[in-house]
Amino acid sequence: MLWLKGWLETRFRLLFMLIFTAPLLFVMHSAGAHATASSVSGRVAGLVSHVIPFFIVFTCAFLAGAGIATQTSFQASKGLHGSALFTLSMPVRRLRLLAVRAGIGWLETSAVIGVLCCEMWLEIPMQRAGVTPIEMFEQAATLIACSSAIYFLSVLLGTMLDDQWRVRGTVLASVGIWVLCTQPSLPAFADIAHGVGERSPIVAHTIPWNVMAFSLGLSAILFFVALKIAQRREY
Amino acid sequence: MTDFAIETHQLCKSFKDQPALRGLDLHVPAGSIFGFLGRNGAGKTTTIKTLMGLLRADTGSAHVFGVPVTDADSAAGVRRRIGFVTEDKELYPYMTVEQIIRFTRPFFPNWRRDLEQRYLEMFELPKARKIPDLSKGMRSKLMLLLAIARGAELLILDEPTDGLDPAATEDVLRELVSITGSSGITIFFSSHQLSEVELIADHVGIVDQGRMVVSGCLDDLKARYQRVHVVLESGEGPPVRWPEGAESIRQEGRVVSILCSHNADAVVEQAQSIPGATVERFPVTLKEIFLEHARSN
């Protein structure tokens, strides 16, 4: 039944993020409608490189849980500490509590990314001509894999910080990652920011397997650290 | 099989160098109703949270049903046997009464649907109402329902009647006694309401500054603790060296009031040896015992 708790905590957040794709849809539609054949790839690349990473960071920060603590169904709050005591009185290990909540948020983040990719394909006619559904599916898989590191970073912050600070921390850390990814000395496999942007399948026409693997590996480490903190934390 | 549902030995816990528990020894007999008393900040909630695995003790040991609870995860199995009411009575704000019951039920294989129905009716809990729309008293009742219907062998209740009106308090206390009698479960509850504790508890523990200062069977304590009044012939009595057990000695005019924690017979004997003194002994209430320890510390 932990999934029910997670779903009730996140359903309005998920709905908000799905609605939030509408302005993006408008931008994409405009880009597609006014694009000429020569400029379309440049416009799509710009859109993918700048708008989508911002949207993904926001989605991750919004849907990642507050660790074991209870979240309100919509707005960021200072943590509902008291009801966390009720949760922890259940005969459930903290691993399961954290994993179920993080898993639900990750699935919802993936769903939002999936919907976004569908909209991109449907709303940009000229892109539809140049990109096959399989490439769009690859794009979605790449975005999900590469965004996982940001998502689990937010999960990790949720085990230490109040919800409000977790969101701020996730955005700040994402800016830090973005800056780090602009450094030429950074190995290509660690370039997550460009994995969701310029190196993503619909722009580079190749799947960045190494970046995806790095991001998923990093996600696993971040989740492990989050779990250790949740297990050590006192309430 | 241990005779104690809860046992702690030299339990210590500090928060930023501020000691909350200083070697707490607690023994709660299985099947008892144990009233856990103490002033604000005495260490009651810290003890309860440690028993529930929400806090980790710095040193010492804590066992529930013989299982160490010092590691939260290893104690997950024990929590299946425990019903818990938190101090602040907070539950998930996005759930209704019915949803939180449906949510809690599957975690407990011994869930008592009969008790669930009984308390839903008795407490007049509106199933469709969201938890934030419930009064504090209603939330207390809902938490009690969620704790009792678990089919637990041990109820750990932190201020269970907080927010309840006198009639509801009476109902809850009667139910607690009733389920202990019928199911043989152990109830460990903290309260500031000494009259409540005296009404239903058969064992009490008084904690002060993180240490257990009084603990035992309530009837034994009442038999052991006695107040001795000595009325002197004149205001100034001869200097008396009272025997061990004379806990607090106060004189107002010609009357010397002595609270004995034990050895009352020897104190009376000593008082009777004062020329011209009249000696009387009285039983004491739990409140007197509590206040005496609260003041002396």
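In this predicted model, helix α4 (residues 94–123) of chain A packs against α6(A) at an angle of about 145 degrees, the two axes being 9 Å apart. Helix α6 (residues 133–158) of chain A also meets helix α7 (residues 163–181) of chain A, their axes coming within 9 Å and crossing at roughly 140 degrees. Chain A is in turn in contact with chain B, through 23 residues from chain A and 22 residues from chain B.

**Packing of α4(A) with α6(A)**

- The crossing of these helices, α4(A) and α6(A), is right-handed.
- From α4(A) the contact draws on A:Ala102, A:Trp106, A:Thr109, A:Ser110, A:Ile113, A:Gly114, A:Cys117 and A:Trp121, while α6(A) supplies A:Met136, A:Gln139, A:Ala140, A:Leu143, A:Ile144, A:Ser147, A:Tyr151 and A:Val155.
- Sorted by class, the residues of this contact are 11 nonpolar and five polar, with no charged residues.

**Packing of α6(A) with α7(A)**

- With axes that cross at roughly 140 degrees, α6(A) is oblique to α7(A).
- The crossing in which α6(A) passes α7(A) is right-handed.
- On the α6(A) side are A:Ile150, A:Leu153, A:Ser154, A:Leu157 and A:Gly158, and these meet A:Arg166, A:Gly169, A:Thr170, A:Ala173 and A:Ser174 in α7(A).
- The contact of α6(A) with α7(A) has four nonpolar, five polar and one charged residues.

**Contact between chain A and chain B**

- Of the 22 residues that chain B brings to the contact, the largest share, three residues, comes from helix α2 (residues 76–79) of chain B.
- The side of chain B that touches chain A is made up, by class, of 14 nonpolar, two polar and six charged residues.

Terms used. Residues are numbered from 1 along each chain as its sequence is written. Chains are lettered from A and ligands numbered from 1 in the order in which they are written. This is a predicted model: local features need pLDDT of at least 70, side-chain atom pairs count only at pLDDT 80 or more; totals for chains, interfaces and linings use all residues. Two residues are in contact if their C-beta atoms, placed from the backbone, lie within 7 Å. Helices (H or I, at least four residues) and strands (E, at least two) are DSSP runs, numbered from the N terminus. Ala, Val, Leu, Ile, Met, Phe, Trp, Tyr, Cys and Pro count as nonpolar, Asp, Glu, Lys and Arg as charged, and the others, Gly among them, as polar. Axes are lines fitted to C-alpha atoms, for helices over the stretch in contact, and angles run from 0 to 180 degrees between N-to-C directions. Angles under 35 degrees count as roughly parallel, over 145 as roughly antiparallel, 65 to 115 as roughly perpendicular and the rest as oblique. A crossing is left-handed if the near helix is turned anticlockwise from the far one by less than a right angle, and right-handed if clockwise.
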